[in-house]
Amino acid sequence: MIASTDYDVQLLNLPQPDFAIAKTDIHYLVNCAYQMSAFAGLHPVEAELTVGEELSRLARLSRHRQPSIEVLSYEDMILANPVQSDPRVYCLGAAGVEERDFCLGHQLIESELQLAIDALLELRDGAGADARQCLAVCLERLESANCVLTRFYEHMSPDLFGQFRVFYGKNPYKNRLGPSGRFSARIVAVSVLLAGEELFQQKPQFYRDVYRLSEYYPQVCIHEVFRWLSPGKSAELTPTWLEGRADFPRSATISPVMERHGPEIGKLRASCVYALDQFTRMHRITALKYTIEPGRPIVGVEASESVEAVLSQRLLTAARP
């Protein structure tokens, strides 16, 4: 069907909103072809033939116009997926409904995180910003995001989740990680703004992980974070402060602003940090409940890095079982 029409020109001439959806469709199709090839036990050459040159070419063209990894990403699945109007899902029936709600819930979380980021940026960069109001908004949004995540933990069906999650796993023919909430650039942004220096002092592996796997994050947002973390220069692959050859850039955080305020505002900021920690903790225990067994290594990272370590490295307080 794809070979019968010249979709190349159509794809490249689409306006950006339509292109983003088309790119998502293409990567869903490619991922489906690879996953079904794996189910059928096909060898890599046979899997490539199943995907087909025409679809592979469209995927390459889409990545040329909008650079991204060569497999379905978290950005494709959540941020570009028009879930509310016309969701891209793999399953039909009850599993499809659960999958749609899974994506929609993550979209809601991302929108709440963006509101928290906006409030923190206003506090960090806005002259005369109302610190109490900014932090109150941040706290409210983080607590709301945590409520959505808690609903996943309490109500998601393990059986239905298992039916669609297999499509979001690591591509069986590519040495690439699958889409995961781990790659939310907005949670990285909130973490940097709220507690960037403390996180570096306590869990430097958090930053090493983000830089090492930066291509898996939504690119616009993660490069904006890198710009904060490398002020006055283009974002470095490995900034000097991460190697201990410079001080952590506190200007990326709200810490300098907080020093001008009293203990009451400090307590409000601490409440925000606590809410962030609760969110990352809930993500960890939800992933452990539905997805993985504790201690199982994650494919695509160092062998010594267990899943629990990966999911715990963003916590400011010790992880509990």
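Buried means under 20% relative accessible area, exposed means over 50%, and partly exposed lies in between, with a 1.4 Å probe and protein chains only. This is a predicted model, in which local features need pLDDT of at least 70 and side-chain atom pairs count only at pLDDT 80 or more, while totals for chains, interfaces and linings use all residues. Residues are numbered from 1 along each chain as its sequence is written, and side-chain values use heavy atoms, leaving out hydrogens and water.

Now the salt bridges. A salt bridge puts a side-chain nitrogen of Lys or Arg within 4 Å of a carboxyl oxygen of Asp or Glu. The structure has 23 of them.

Take Arg132 and Glu264. Their closest N and O atoms are 2.9 Å apart. Helices here are DSSP runs of H or I with at least four residues, numbered from the N terminus. Arg132 is partly exposed, at 43% relative accessible area.

Asp209 and Arg212 make a local pair. Their side chains meet at 3.2 Å, N to O. Both lie in helix 10 (residues 204–212); because they are 3 residues apart there, about one helical turn separates them. Asp209 is buried, with a relative accessible area of 0%. Arg212 is partly exposed, at 31%.

Glu259 and Arg250 form another salt bridge, at 2.5 Å, N to O. Glu259 counts as exposed, at 56% relative accessibility. Arg250 is partly exposed, at 29%. Elsewhere, salt bridges with shared partners join Glu48, Glu70, Lys174, Arg176 and Glu215 into one network.

Next, the nonpolar packing. In soluble globular proteins, nonpolar side chains tend to be buried together. A nonpolar core is a set of buried Ala, Val, Leu, Ile, Met, Phe, Trp, Tyr and Cys residues joined through side-chain atoms within 4.5 Å. The largest such core holds 77 residues, and Leu194 and Tyr207 touch the most other members. Helix 9 (residues 185–202) gives the most to this core, with 11 residues. Apart from this core lies another, of 13 residues, including Leu11, Ala47, Leu55 and Leu61.

Contact means heavy atoms within 4.5 Å. Leaving aside residues up to four places away in sequence, Tyr207 touches Val192, Gly196, Leu199, Phe200, Leu229, Trp241, Leu242 and Phe248.

Notes. Helix = DSSP H or I, 4+ residues; strand = E, 2+ residues; numbered from the N terminus.
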